[in-house]
Amino acid sequence: MIFSPDRPVQMRVYSVPSHLRVVRAAIEKVCELVDLDDAAAGRIVLSVDEALTNVIRHAYGEAEDKPIDVSIALVGEESDAALEIRLRDFGPPVDPSQIRGRDLADVRPGGLGVHIIQECMDVVEYRPAEGGGTLLVLRRALTGGQAGDGT
Amino acid sequence: MSDQTDPVRSVQWEGQTAVIAVQGDIDLTTSKGFQESSLAVLARRPQRVVVDLSGVPYMDSSGIASLVKLLSRARRQDTAVVLAALNDRTRGLLEITRLDTVFEIRPTVKEALAQP
């Protein structure tokens with residue numbers, strides 16, 4: 001199986017905003033290769049982009065020289081198959097209970113990233129990373145995902 | 001080295017309406033430039049601003065934040081803001097963030113300009 005957990009696509013990018021474009025392109029291509037439709041692909045790309053933006057802004061305080069490791073794999077079998085993206089930063093640990101979306105009725109700039117990620121992905125897990133930093137695991141089913149667009 | 005760029009390609013005036021044409025992604029790299037350019041247009045006090053998004057393949061939440069800032073400032077001076085020619089993904093992003101009911105959205109720039 002392409003992109004199996006023992007053969008994931010892996011890359012290290014840095015906390016430079018333009019590096020996010022490279023990750024988006026890679027995620028887009030993987031989605032294409034596993035036959036995800038455009039709406040689902042768009043939501044996965046958006047979620048990963050928002051998660052990386054949060055790392056740059058909050059874990060790294062917009063410093064542009066900090067590493068972020070990205071891993072993309074297919075997990076599960078057949079009807080349970082899902083695309084899993086792991087993002088590991090090396091910033092201060094975060095308390096997952098403090099990460100939540102804001103009230104959307106309050107129309108103001110900013111603070112939408114967490115809501116977008118939760119809306120678009122089936123699994124969103126923040127874990128302490130071995131050796132420091134945070135590992136964010138994002139997962140979306142290839143078929144019948146619960147996230148937002150009915151795919 | 002900063003990689004910030006401005007995605008605004010042109011600003012055209014049709015009477016009291018300013019049409020801001022954007023080209024390329026509105027993301028963490030470009031949203032600040034977009035915000036500065038669009039607010040500069042607003043400072044000229046048009047009756048209406050049409051943001052032509054036909055050349056925007058991708059937008060993230062920083063782009064949304066720039067649009068919300070433009071809208072909130074426009075409302076304070078009674079300038080209307082219309083978003084035109086969004087692709088499916090950008091429209092989807094507005095729906096996810098429930099801003100599709102906050103912004104006035106038209107399928108094309110022509111239809112945005114045809115409004116009274």
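**Charged pairs and where they lead**

Modeller: Let's start with Glu104(B), which makes a salt bridge to Arg106(B), with 3.6 Å between the closest N and O atoms. For a salt bridge I want a side-chain nitrogen of Lys or Arg within 4 Å of a carboxyl oxygen of Asp or Glu. Keep in mind that this is a predicted model, so local features need pLDDT of at least 70 and side-chain atom pairs count only at pLDDT 80 or more, while totals for chains, interfaces and linings use all residues. Residues are numbered from 1 along each chain as its sequence is written, chains are lettered from A and ligands numbered from 1 in the order in which they are written, and side-chain values use heavy atoms, with hydrogens and water left out.

On accessibility, buried is under 20% relative accessible area, exposed is over 50%, and partly exposed is in between (1.4 Å probe, protein chains only). Glu104(B) has a relative accessible area of 28%, so it is partly exposed, and Arg106(B), at 28%, is partly exposed as well. Elsewhere, salt bridges with shared partners tie Arg21(A), Arg24(A), Asp49(A), Asp25(B) and Asp27(B) into one network.

Over all chains there are 12 salt bridges. One of them pairs Asp25(B) with Arg24(A), the closest N and O atoms being 2.9 Å apart. Asp25(B) sits in the loop between E2 and H1 of chain B and Arg24(A) in helix H1 of chain A, so this pair joins two chains. (Helices, H or I with at least four residues, and strands, E with at least two, are DSSP runs numbered from the N terminus.) Both Asp25(B) and Arg24(A) are buried.

Another bridge runs from Arg86(A) to Glu84(A), at 2.7 Å between the closest N and O atoms. Arg86(A) is partly exposed because its relative accessibility is 28%, whereas Glu84(A), at 8%, is buried. Ile72(A) belongs to strand E2 (residues 67-75) of chain A and is buried, with a relative accessible area of 0%.

Back to where the chains meet. 23 residues of chain B are in contact with 30 residues of chain A. Together they bury about 2,100 Å², with carbon and sulfur atoms giving 58% of that; buried area here is the accessible area (1.4 Å probe) that two parts lose on being put together, summed over both. Leu28(B), Arg89(B) and Ile96(B) supply 32% of what chain B buries against chain A, more than any other three residues.

The rule finds five salt bridges across this interface. There are also eight residue pairs in polar contact between chain B and chain A, both residues at pLDDT 80 or more. On chain B's side, H2 and helix H3 (88-96) are the elements that give two or more residues. H2(B) has the largest share, six residues. By type, that side divides into 11 nonpolar, five polar and seven charged residues. Nonpolar takes in Ala, Val, Leu, Ile, Met, Phe, Trp, Tyr, Cys and Pro, charged takes in Asp, Glu, Lys and Arg, and the others, Gly among them, are polar.

H3(B) deserves a look of its own. Its buried residues are Thr90(B), Gly92(B), Leu93(B), Leu94(B) and Ile96(B). Their cover includes helix H2 (38-59) and helix H3 (113-120) of chain A, along with H2, strand E4 (80-84) and strand E5 (104-106) of chain B. After H3(B) comes Arg98(B), whose phi is positive, near 60°.

Definitions and conventions: Contact = heavy atoms within 4.5 Å. Polar contact = N/O pair within 3.5 Å; in protein donor to acceptor, adjacent residues only side chain to side chain.
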